[in-house]
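Here are a few friendly notes to read alongside the model. Please have the coordinates open as you go through them.

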Amino acid sequence: MISFFRMIKFAAQHFFRNFGLSVVSIIILLLALVSVNIFLGFNYVADRAIQTVQDKIDLSLYFYQGIEESEIAHVQEYLNSLSTVKSTELLSADQVLENFKTKHQANPDMLRSLTEVGDNPFGAMLILKVNSMDDYNTIINSLDSDVFNKLIEKRSYDNHETAIRKLESIASNVEIALLAFTLLFIFISMLIIYNTVKVMIYNHREEIQIMKLVGASNRFIRWPFVIEGMFAVLFSVALTILIVYPFLLKFLQMYFADLNVDVLSYFQANFYFIFGGQLLGALLLNMFSSSIAVGRYLNR
Amino acid sequence: MIKLRQVSKFYDPDVVALNRLSLHITPGEFVSIVGQSGTGKTTLIKLLTAEEKADEGQMIIGGWDISDIHPADIPILRRQIGIIFQDFKLLPNKTVYENVAFALQVCGIGSKQINSLVDSMLKVVGLEGKHHRYPWQLSGGEKQRVSIARAMIHRPKILFADEPTGNLDVLNTREIIDLLLKINQFGTTVVLVSHDREIINSLRKRVITMDAGAVVNDQKVGRYIL
């Protein structure tokens, strides 16, 4: 027990007496961690942006005029039972007419054409939202039967198919790119942390030799360095939180306000996962790096 | 106390640092080892402190055969011997007190006992009132005293001194040698490696002369002869 407390004491002494070196280590760790968080923020923004665009695309089914409400309700019920359908909204023929008028109120020609037709020329309309863009085809296919074709005059998806396919391809490419960049970023951060620890230990190589000559066991030499590295990680994660929250996230929040993306809430909701994960990762990486780096000099 | 039988050390097949060296040092002796540079004096100290391993032969220290010492036992050996160097080898970020205390802390000794032992040892080496100074705030002579205090704090039976006065002026050299003699008078075996002819001649103690990795001269009351 005495040895355990002594190792912590030695680590603290080392950390504060080599303050310049400790600050350099903290700054390097901080840069790596802040970069990871900025990346996470952008990752979330990109993800939300794709989601927002996806949400804006819906599938509209236009029913023939005079179709019974019960038959439309039957179609709606069927669609609601599909797991691929997120929601449905039914607009009656009158609502469709009102929407048309509102949409074209600045266009007297369109309104006049309505008067010429006389009655309401529109049928009811069903607006569908799906869980994934991949599901549009499945739904369209499921509606492609004689029963439904008698009721449904037009499917708006037909007009957007090319755009949706393009968006789908962009979304999947962006996802792959984000994943690749995230992995690359984590790898670079790991290399930075590993090399920082290595440089730190390299600066103490003579001390390690002296400690050995005085009769210190390998454990007694290794652990203070490992713990010292842990202090650097703790400080850098704390500083990362202090920097990321007030500055970067608010900046991202303001910058992407138009997209209705709440980066701050995302970080708050996943606080322990994001920062806890970074703390744990950096601690483990630090322990691994310092053990290897110290071991190199211990075996000489 | 120290027995070496036919000990050899090769750095390359062609570079022979020690060549079938044999010697016997009895408890309480003060032995000076002299020789030109590259004759194997420092290699001998490195083998005796288990910094390096001998390629051939047998080495016994205090009844312990360290010829093939296990790495885990090296710290235990070093806690039973004292070593001082020409370049002092003090921990730069520790104070005088902490440098000396470190040798006891690694053994797991309690803080109170360490306090009293370090205080009295610093008195013995004449460093009273300099507990909180860092190595860079000390003169060469003072640094070597800290080094001696650290080496002697756990009261070892043997003290190895590898060129301890190499970086010191005449006055400090004399003081350090007097301190080593005092330590020897208290019963510690001292093995001194030195180039200082005047010091060796003035000691009137046993002198072992080395050449090409072997003992070429061993006199009970010897002189520096090269």
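This is a predicted model: local features need pLDDT of at least 70, side-chain atom pairs count only at pLDDT 80 or more; totals for chains, interfaces and linings use all residues.

1. B:Gln137 sits in the loop that joins helix H4 (111–124) to helix H5 (140–152) of chain B; helices here are DSSP runs of H or I with at least four residues, numbered from the N terminus. B:Gln137 counts as exposed because it has 12 C-beta neighbours inside 10 Å, the cut-off for exposed being 12 or fewer other C-beta atoms within 10 Å, with C-beta atoms placed from the backbone.

2. Residues are numbered from 1 along each chain as its sequence is written, while chains are lettered from A and ligands numbered from 1 in the order in which they are written.

3. Chain B splits into domain 1 (1–80 + 162–226) and domain 2 (88–155), with bounds from an automatic or database domain assignment. Their C-alpha centres are 24 Å apart. Where they touch, domain 1 of chain B gives 9 residues and domain 2 of chain B gives 8; contact means C-beta atoms, placed from the backbone, within 7 Å.

4. Between the chains, 14 residues of chain A contact 14 residues of chain B. On the chain A side, helix H1 (2–17) and helix H9 (205–214) each supply at least two residues, and H1(A) gives the largest share, 5 residues.

Terms used. Two residues are in contact if their C-beta atoms, placed from the backbone, lie within 7 Å. A residue is buried if 20 or more other C-beta atoms lie within 10 Å of its own, exposed if 12 or fewer, and partly exposed in between; C-beta atoms are placed from the backbone.
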